[in-house]
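The structure under discussion is shown below.

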Amino acid sequence: MIVFSLNEWGRMTSKKDLSERDICTKYIQPALVKAGWNNVTQIREEVYFTDGRIYVKGNLTSRGKGKRADYILYYKPNIPIAIIEAKDNKHSVRAGIQQALDYAEILDIPSVYSSNGDGFFEHDCTCSDGKIEKELSLGEFPSPEVLWQRYKKYKGIVTDEQERIVSQDYFFDGSDRSPRYYQQNAVNRTVEAIAKGQKRILLTMATGTGKTYAAFQIIHRLWKSRTKKRILFLADRNALIDQTRRGDFRHFKDKMTVIRKKQIDKSYEIYLALYQGLTNYDEDKDAYREFSPGFFDLIVIDECHRGSAAEDSAWREILTYFDSATHIGLTATPKETETISSTEYFGDPIYTYSLKQGIQDGFLAPYKVLRVGMNVDLEGWRPELGKIDKDGQLVADRVYNRRDYDKDLVIDERTETVAKRVTELLKKTNRFDKTIIFCVDIDHAQRMRAAIANENSDLVAENSKFVMQITGDNPEGKMELDNFTNPEERYPVVATTSKLMTTGIDAQTCKLIVLDSNIASMTEFKQIIGRGTRINEEYGKTFFTIMDFRNVTDLFADPDFDGDPVRIKVLGEDDEIETPEEEIENSDPIIDDDGEEVSFDDEETTTIYPDITEGGDIVEEPRAKFYVNGVNVMILNERIQYMDSDGKLITGSLKEYTKKKVREQYKSLDAFLSRWNAADKKQAIIEELTEQGIIFENLKEAINKEMDIFDLICHTAFDQPPLTRAERVNNVKKRDYFTQYGEQARKVLEALLAKYADEGIENIEDMKVLQVNPLDQFGSPMEIVKFFGGKKQYLKALTELEKEIYRAVA
């Protein structure tokens, strides 16, 4: 026996034969350590910085691949200064640089490297030595101090005091929790801006992305470095203050206080307060004036879009008084109108993390949209001559529409229809899915609560808190707000509200948002959508559904909206709400970003604003309304709405849109048939057309659910008479096509043909089909392909089967 030492074996093994991981271990890692990088505190390998997008099909979800950097190098924890993309030695030293640059842009890193084990290829954003890119040997990799100096240049950090501030450690509580990459970016950019003297800062981060955690890290770093010694955190709702106090800010312990009932104690360093708790609209009584104008060094304004941006806002008075302090605005939705501007006060956002990006990264839940149009909404309703309402008032003679309903006119049957449709959906999914119904006003929320209770009388009989009205004027409902947002509490299940729950409520397990309120403001719309975007996989919350009764989701088409739905379905008069299983059966395969098919195996304070509660609900004198009943209300289907290839909502003929898009790629039927028959996998053609914005799922519903995608295309784009899948299967059987195969192979092909009849061509092309019923009864995939003489012969037989399926038209 011949025995080789490790060194001898290494000399005999070519570097070209080593895997990417071997290259990292044998060449890259030693080079970094030799350059002075600490293996424990400064080098992180295989860093996944996104979770991977969530794909939805029915009630099933699947995660795509997260973004992963081979190496991220840190000056200190959470201060990344370099990134390395590794490749095996079959690639050039430059091969990973473009991918590394993409990641570096996301992570805000100036020094970028690619390596194949032979050396490093460097991209220096600062052009420190006059070159932006160059090759380095393994022994020439820069030290931490060199790259830290480069980072400071990149960030504009020039003085020792600025360096001291930006290098202040993050807070760690001893757990595994650390900031996500976008929180890290937001915190670092804010601390760096303050170190350089910036006084007004705006951070825009989508609802559910952890703005408060980012704010805590910013405050803690500035407080620990003594850059800011006394800090005020302002919000406009008790719920926001209580969440903040009990959450991350609890680590400030006895250094922190909450200002209650305008009681001022100047011995603390961190203050949490409601705007309403600091002002009386009276200069002689304003509580904030008990502090000197220079008392606070830093003021953080949570949900700053809600009023501090308004020039005449009482909130703005507080900021003006403490003008010498640094002001940081936090919002998911900067407010920009003719009279109110967040950016005019704070300046442009120093960092933005959008809803769309959050969904793509897998940190926020995707959502489906279910649109319901009723006859009285789409056609309007005009009272008959002399119509008297329930209170004996003569109803004004005009045409009423959805803008009037529940504001000027109440139709009992309309409220009942909404409640019935919501309940129908819950029965098809899960009756205990947390649900928020947004109503026009408090009166509407009261009536909706009663309608939901009547539709769910069995569950309300078990527990009266199944449905609760949670509005600013309702103390019983507000007391249940914590229970509603607590994942461990079953009740309440359904909350009816108007304004109280539009913002700042951390409803982690909310799976259904119902829109029965006229929402024209993009700011309010984004805030409402944000009630559902949080993910809680432990409790099965990975996506949510929006049920729209007011066409509010037309705002998806607004260029200011930045996160598109995964599915939009419009319900007609006779349409049943699909169960998740039916939705899966009737939907097309979902393709991920890599082109692969996704597999789914306490104390309450009332605000001093004259007619607004602390929750934001209007409590003015009840508005005069007409209350009528005896109106025929039904669901109509007037239009089809779908997303095009640019993610925009299109209203019009889906058939004409499909025809136009297909003919852009295939000028004639012959051209399409030639491409279809020549394709090794028909799925590739389906994917190409899907990328053009053709929604085959909606097209099937409009024409014939049992029709093959091939026939959908030929019929819609080229006016060919269609065949159902069952008809195509029968045509194949009539031709005795299977007689050329052995008994076992024939049975496999017959099973594949049956699978095609049930599910379509796209599902039989994947080798995974051999692992599911009934094909798994023939053995393992390896055993099955042996019936044909091997995998190559099996794939050939599958291609021949597809030709037979489509021979009838082709």
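In this predicted model, I513 has I546 of strand 22 as its bridge partner. The two strands concerned, strand 21 and strand 22 (residues 544-548), are paired in the parallel sense through four bridges. Strand 21, helix 18 (residues 522-529) and strand 22 together make a β-α-β unit, and that unit is right-handed.

Strand 21 also pairs with strand 18 (residues 434-438), again in the parallel sense, over five bridges. Here F438 is found opposite L515 of strand 21. Strand 21 itself spans residues 510-515 and is mostly covered, with five of its six residues buried.

Seven strands contribute, in the order 11-12-10-13-14-9-15, and their pairing is parallel. Strand 11 (256-258) and strand 15 (351-353) each have a single partner strand and stand at the edges, so one side of each lacks a neighbour in the sheet. On average, and ignoring direction, neighbouring strands of this sheet are turned by 15° against each other. Within the sheet order, strand 10 and strand 12 are joined in the parallel sense by five bridges, and F233 stands opposite L272 in strand 12.

| Helix | Strands involved | Angle |
|---|---|---|
| Helix 8 (residues 238-246) | touches strand 10, strand 11 and strand 12 | about 155° with strand 12 |
| Helix 6 (residues 181-195) | lies across strand 9, strand 14 and strand 15 | about 175° to strand 9 |

Helix 8 packs on the sheet. The strands that helix 6 lies across include strand 9 (200-205) and strand 14 (326-331).

Is T496 buried or exposed? Its relative accessibility is 0%, and T496 therefore counts as buried, the cut-off for that class being under 20%. A polar atom of the T496 side chain lies 3.0 Å from the backbone oxygen of A445. Leaving aside residues up to four places away in sequence, T496 touches I437, C439, A445, M448 and R449, as well as V467, M468, Q469, I470 and T471.

Technical notes: Residues numbered from 1 in each chain as written. Predicted model: local features only at pLDDT ≥ 70, side-chain atom pairs only at ≥ 80, totals over all residues. Heavy atoms only, no water. Buried < 20%, exposed > 50% of the residue type's maximum accessible area, 1.4 Å probe, protein only. Pairing = 2+ DSSP bridges. Right-handed = clockwise from strand over helix to strand, strands pointing away. Axes fitted to C-alpha atoms, helices over the stretch in contact; angles between N-to-C directions. Contact = heavy atoms within 4.5 Å. Polar contact = N/O pair within 3.5 Å; in protein donor to acceptor, adjacent residues only side chain to side chain.
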